[in-house]
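Subject: Structure handover

Hello,

Please find the structure below. My notes on what was found in it follow.

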Number of protein chains: 2
Amino acid sequence: MSTDPARYAPMANAIRALSMDAVQAANSGHPGMPMGMADVATVLFSKFLRFDPSCPDWADRDRFVLSAGHGSMLIYSLLYLSGYDSPTIEDIRNFRKMGSVCAGHPENFLIPGVECTTGPLGQGLAMAVGMAIAERHLNATFGSDLVDHKTWVIAGDGCLMEGINHEAIGLAGTLKLSRLKVLWDDNRITIDGDTSLSTSEDIPARYRASGWDVFECDGHDFADIERALAAAAMSDKPSLVACRTIIGKGAPNKQGGHDVHGAPLGADEIAAAREVLGWPDEPFVIPGDVLADWRDAGLRGVKARQEWEGRVAADPQAEEFQRRMAGEIKGIDEAMAAFNGWLDGDASVATRKASENALNVLVPLIPEMIGGSADLTGSNNTKAKNQAPLTSEDYAGRYIYYGIREFGMAAAMNGMALHGGVIPYGGTFLIFSDYCRNAIRMSALQQTRAIYVLTHDSIGLGEDGPTHQPIEHIMSMRLIPNLNVFRPADLIETAECWLLALQTPETPSVLALTRQNLPQLRKEGDMQSARGAYRLKSAKAERKVILMATGSEVQVAVEVAERLESQGIGADVISAPCLELFEQQDEAYKRELLPDVEPSQILRVSIEAGVTWGWERYTMSNGLNVGIDRFGASAPAKDLFARFGFTADAIVPKILDKLST
Amino acid sequence: MSTDPARYAPMANAIRALSMDAVQAANSGHPGMPMGMADVATVLFSKFLRFDPSCPDWADRDRFVLSAGHGSMLIYSLLYLSGYDSPTIEDIRNFRKMGSVCAGHPENFLIPGVECTTGPLGQGLAMAVGMAIAERHLNATFGSDLVDHKTWVIAGDGCLMEGINHEAIGLAGTLKLSRLKVLWDDNRITIDGDTSLSTSEDIPARYRASGWDVFECDGHDFADIERALAAAAMSDKPSLVACRTIIGKGAPNKQGGHDVHGAPLGADEIAAAREVLGWPDEPFVIPGDVLADWRDAGLRGVKARQEWEGRVAADPQAEEFQRRMAGEIKGIDEAMAAFNGWLDGDASVATRKASENALNVLVPLIPEMIGGSADLTGSNNTKAKNQAPLTSEDYAGRYIYYGIREFGMAAAMNGMALHGGVIPYGGTFLIFSDYCRNAIRMSALQQTRAIYVLTHDSIGLGEDGPTHQPIEHIMSMRLIPNLNVFRPADLIETAECWLLALQTPETPSVLALTRQNLPQLRKEGDMQSARGAYRLKSAKAERKVILMATGSEVQVAVEVAERLESQGIGADVISAPCLELFEQQDEAYKRELLPDVEPSQILRVSIEAGVTWGWERYTMSNGLNVGIDRFGASAPAKDLFARFGFTADAIVPKILDKLST
């Protein structure tokens with residue numbers, strides 16, 4: 001079947017009609033991109049993409065990522081036209097309205113055919129890099145019979161101008177991800193106007209400099225598109241196809257200009273476009289022959305999917321493969337048993353080192369874990385013993401040297417988790433969570449099991465000084481919905497937090513870990529961390545004080561409590577490794593730890609080497625919040641803890657003062 | 001004077017000796033980079049950099065940025081050796097210890113000769129882009145007699161691998177910043193090992209693709225370094241000099257490996273290095289002849305500086321130039337008078353539009369303001385009437401099309417502010433503060449007057465959905481020390497917040513602004529926003545409720561209060577455009593707004609379309625926090641406010657319920 005314009009042009013125009021009409025009905029949205037890329041997308045879905053609308057979770061389907069997510073009507077049109085159950089034409093009619101799965105930007109949790117949530121520019125392509133990594137890893141692990149597919153991306157100028165693009169394509173080039181194919185909507189228009197307003201870059205040259213192949217085509221010539229996509233598909237490098245397009249193609253008076261990017265065309269222009277496109281039908285009505293051609297295109301992959309199912313049925317590794325793709329973990333019990341052996345110990349280790357110890361247990365037991373670090377392997381302690389690197393020569397490896405690319409790493413982790421079959425974890429310093437913060441947010445929004453190992457979690461990192469000392473970071477990440485922020489206090493809590501992080505398939509986790517050694521505080525109890533906060537030490541004398549602390553400050557709280565007890569003042573110590581989990585406990589449990597009595601009866605004190613703002617939730621209006629509400633300084637950790645008041649010497653008098661007023 | 005090795009080698013070895021000894025004494029730090037780049041830096045400071053240690057704030061000095069800030073001993077050595085007052089040799093002896101200005105990473109607020117704080121990788125170079133923009137702008141405005149200097153950068157592989165590098169060099173290439181010269185420490189080593197572990201990029205090709213010139217040299221051959229720097233200095237493009245170096249050069253057993261990057265060499269290796277370098281002197285002792293050569297190098301710029309002073313004395317624009325460089329603003333009173341004229345109005349405008357109205361007043365009055373947006377000009381409303389673009393053809397313009405480069409923009413703004421003579425403001429969506437969060441933090445840490453115009457500040461942006469709806473962002477930015485986060489409620493507050501932002505030369509500001517229209521609530525009062533929070537409406541009936549709200553939710557609070565009053569329940573409404581400023585008020589003022597009585601007597605209620613966490617600070621344990629603690633959704637704004645309970649209909653019953661218990 002050739003790319004006969006008589007067949008393809010109406011198919012592409014169906015996308016244009018749906019897009020302009022849906023945006024018009026919503027009275028907001030982005031018609032320019034779907035109309036401009038309609039021809040390219042039609043060729044991609046009709047001749048190249050391997051998919052089966054009747055089976056959107058087919059493990060070996062090609063992945064398709066609309067990185068330029070504002071052009072969401074493109075993917076909604078493609079999914080509907082090619083025969084997916086979702087979205088329906090009703091959903092498209094209600095584009096951008098309450099309750100429609102056709103949200104302003106594509107959301108992976110609303111539509112099965114949407115591989116990832118896109119919208120924050122640049123991240124779709126960077127997630128696709130992660131998908132392509134997962135594909136190659138599973139291919140190397142399970143063989144081509146089970147896994148052998150491409151990852152296709154449509155990206156715009158915004159995706160390519162964002163910094164994350166540099167990180168993503170650098171990683172893809174180094175790992176030689178030849179199954180990754182990016183179609184660049186080269187329309188030379190951004191919101192502010194012509195791209196020449198803000199960029200003079202030779203994009204093909206940049207991609208080639210990063211180890212990519214580059215192809216070009218006229219994005220409105222079906223035969224030329226097919227030629228370029230075929231060449232890209234054959235390339236043994238990650239490939240960029242520069243598709244020269246006219247934004248808003250088909251809107252005769254507005255196409256090619258920036259006004260068509262992000263606003264409805266208006267009734268007059270839509271009427272004119274119907275003329276130009278030869279599209280007399282009412283909005284949301286697709287002529288039967290055009291829809292039939294689209295549904296034919298949607299059936300292309302059925303046979304491939306059935307053959308794949310046949311191979312799976314015959315494959316000795318099928319069960320293990322399907323377990324991993326289903327995201328079901330084995331090995332938790334064995335790991336817990338190993339960790340329980342640590343209770344008898346008396347290890348004084350940094351929690352980053354405790355995390356390494358935990359990984360030495362977990363990584364062999366859980367083969368789907370793939371680790372890495374943004375060039376801080378020895379500092380983040382993210383590499384387990386005998387964990388081989390994942391490289392372009394050995395995709396079966398399970399440790400990725402991500403380079404100095406925090407944002408690219410985090411987005412790749414999202415892509416890996418979304419692809420399925422792997423559980424990604426990756427490390428950097430906690431301070432550099434700033435660099436990848438929106439990808440962490442996207443983990444939370446997309447409900448991926450990405451695990452962030454963020455070490456050097458406070459002024460306790462010492463000499464590197466304020467640029468490297470997180471102050472606001474732990475509390476600020478607690479504010480992100482659907483993200484568990486763990487800050488364990490010792491070896492045991494660290495192991496528990498790892499187990500908890502692995503067991504929330506729809507919630508990402510942050511492990512905030514120390515550079516400095518911490519004493520082992522826990523000698524008993526299974527998985528106390530699971531309730532988010534628990535009483536580590538009960539008052540001996542009459543309880544007058546409740547100390548609530550996290551991470552490296554729990555040891556300080558214990559010392560404060562001992563000093564208070566020595567003066568006849570009873571003090572509980574609550575360790576709170578995960579406030580999100582504590583929030584989920586029932587009221588009775590919360591009240592057991594934090595009785596609902598006046599501060600004059602029991603003083604509540606928080607101790608955390610970070611901002612105090614937020615701790616009032618637990619300490620009440622008249623409590624005491626010990627923290628640091630300014631930038632840190634460069635000095636040895638011990639001196640800093642003394643300077644900023646995180647010692648029993650500094651805290652006990654404050655408590656006594658509070659108690660006496 | 002040629003680059004005679006007999007003179008230059010000892011000068012460079014002085015840097016090596018100071019660096020290895022200071023790191024050893026601190027027992028932490030990074031000797032590899034200063035030792036590797038010692039030769040290049042010696043040539044730069046001896047033959048190219050225009051500076052005068054006796055006058056570190058000389059306005060027309062060349063700027064020098066050590067982007068690879070972990071190599072801080074390089075800049076401390078250079079400043080001390082060339083004759084700056086700070087740091088002293090004592091400071092260097094106390095490198096990384098409490099109280100020394102020689103912090104782990106260079107801090108602009110500790111040492112006058114440090115142009116900017118570096119450490120978070122990639123940002124130094126990106127700030128240098130901003131410095132080079134400011135230089136060209138002031139040159140175009142005041143002429144070459146007053147401003148005509150270069151900006152030199154030393155950057156490492158980390159700086160070049162980070163995504164922000166792509167944004168920074170793209171911006172520099174497009175603006176043809178020919179005075180920007182970057183010396184790349186091409187040592188082929190990162191923390192994790194050889195750069196080939198994580199990158200395969202052809203860096204020169206990438207820079208050329210972005211409109212840069214690229215030169216190369218042997219970073220340990222003085223003549224070759226001089227040749228390459230001379231060629232770069234002459235180039236009419238921004239230029240990269242790839243300096244092929246050996247990391248840790250001079251440490252015979254460790255040089256060239258990654259162990260030398262970030263740890264002390266150890267006593268044995270230091271002894272061996274002393275042998276190799278022919279450096280018998282005790283730690284921190286510089287031989288008299290070597291120091292004399294360095295001090296000579298430091299005197300090179302005195303004449304140029306004196307000549308410049310002569311030109312300034314004769315220049316008719318000198319007073320205006322010096323006012324701008326001193327950061328003293330004129331025009332505030334005129335602006336305030338204009339804004340007071342708005343009190344009589346009844347404008348229902350979005351605060352982003354109110355901001356545009358304010359800019360239409362401010363930009364003509366305050367010529368040092370330079371605006372811009374990361375490709376959202378029409379959405380951020382950041383461009384004032386008749387504000388001409390700053391382009392490679394017209395550096396005198398005052399509006400920058402930053403492109404889709406939020407992080408690059410924010411870092412450039414920091415560089416512009418640090419250069420002095422301009423006040424940068426720049427826009428993006430509030431959600432994309434995530435993309436540039438660490439640069440905003442660096443504004444705060446470096447105490448720069450950068451003003452961030454962050455629009456579309458809540459679910460009120462509507463249809464774009466959860467990827468674009470900030471939930472946690474306002475509260476999370478409040479946690480950053482030394483950052484004023486403004487969220488004005490109407491036209492008047494927006495104007496006031498602009499005036500406040502302009503008047504804090506050492507504190508950056510965020511203006512969080514709505515997409516949607518808001519009624520004008522304020523009809524009287526000068527600069528009420530200056531106290532951070534104020535009583536907008538006093539209870540008529542006996543006061544039982546205090547409503548505290550920000551931005552678009554203040555109108556909701558007013559409506560809630562009216563409903564309560566109609567039931568005989570007195571309610572104050574406090575508008576809180578800036579909680580940081582409110583925190584700075586005296587206790588009496590705070591108590592006047594929020595009397596210290598039990599919640600059972602006066603119920604405190606917060607209303608903000610963001611996370612509730614943090615509001616307990618003001619509402620006390622038993623208060624009511626109206627907010628949104630989940631991701632948003634895609635729908636029209638009005639539907640979303642109803643869905644998520646930001647209406648009087650939803651809030652009044654909750655308050656009544658609280659009051660009755």
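**Salt bridges**

A:Asp52 and A:Arg305 form a salt bridge, with 2.7 Å between the closest N and O atoms (a salt bridge is a side-chain nitrogen of Lys or Arg within 4 Å of a carboxyl oxygen of Asp or Glu). A:Asp52 lies in the loop between α3 (38-48) and β1 of chain A and A:Arg305 in helix α13 (residues 302-314) of chain A, so the pair ties together parts that are 253 residues apart in sequence. Helices (H or I, at least four residues) and strands (E, at least two) are DSSP runs, numbered from the N terminus. A:Asp52 is buried, with a relative accessible area of 3%, and A:Arg305 also counts as buried, at 13%. Buried means under 20% relative accessible area, exposed over 50%, and partly exposed in between (1.4 Å probe, protein chains only).

Before going further, the conventions: this is a predicted model, in which local features need pLDDT of at least 70 and side-chain atom pairs count only at pLDDT 80 or more, while totals for chains, interfaces and linings use all residues. Residues are numbered from 1 along each chain as its sequence is written, chains are lettered from A and ligands numbered from 1 in the order in which they are written, and side-chain values use heavy atoms, with hydrogens and water left out.

Over all chains, the structure holds 80 salt bridges. Another of them joins A:Glu115 to A:Arg61, where the closest N and O atoms are 2.7 Å apart. A:Glu115 sits in the loop between α5 (89-93) and α6 (123-142) of chain A, and A:Arg61 in the loop between α3 and β1 of chain A, so this pair ties together parts 54 residues apart in sequence. A:Glu115 counts as buried at 10% relative accessibility, and A:Arg61 counts as buried at 10%.

In chain B, B:Lys537 forms a salt bridge with B:Glu565, the closest N and O atoms being 3.1 Å apart. The pair links distant parts of the chain, 28 residues apart: B:Lys537 is in strand β16 (residues 534-537) and B:Glu565 in helix α22 (residues 554-566) of chain B. B:Lys537 is buried at 14% relative accessibility, and B:Glu565 is buried with a relative accessible area of 14%. Back in chain A, salt bridges link A:Glu135, A:Arg136, A:Asp148 and A:Arg179 in a network.

**A parallel sheet and its helices**

Chain A has an open sheet of five strands, in the order β1-β2-β3-β7-β6, with parallel pairing (two strands pair if DSSP finds at least two bridges between them). β1 (63-66) and β6 (213-218) of chain A stand at the edges with a single partner strand each, so one side of each is left without a neighbour in the sheet. From one strand to the next, the twist averages 20°. Six bridges pair β6(A) with strand β7 (residues 239-244) of chain A in the parallel sense, and A:Cys217 stands opposite A:Cys243 in β7(A).

Helix α4 (residues 72-82) of chain A packs on the sheet, touching β1 and β2 (151-155) of chain A, and its direction makes about 145° with that of β1(A). Contact means heavy atoms within 4.5 Å; axes are lines fitted to C-alpha atoms, for helices over the stretch in contact, and angles run from 0 to 180 degrees between N-to-C directions. Eleven of the eleven residues of α4(A) are buried. A:Gly83 follows α4(A) and has a positive phi, near 110°. Helix α10 (residues 222-234) of chain A lies across β2, β3 (180-186), β6 and β7 of chain A, running at about 170° to β6(A).

**Strand β12**

Strand β12 (residues 451-455) of chain A has five of its five residues buried. On one side these are A:Ile451, A:Val453 and A:Thr455, and on the other A:Tyr452 and A:Leu454. Strand β11 (residues 423-429) of chain A pairs with β12(A) in the parallel sense over five bridges; A:Gly426 has A:Tyr452 as its bridge partner. Five bridges also join β12(A) to strand β14 (residues 509-513) of chain A, and the two run parallel. In β14(A), A:Leu511 is the bridge partner of A:Val453.

Regards
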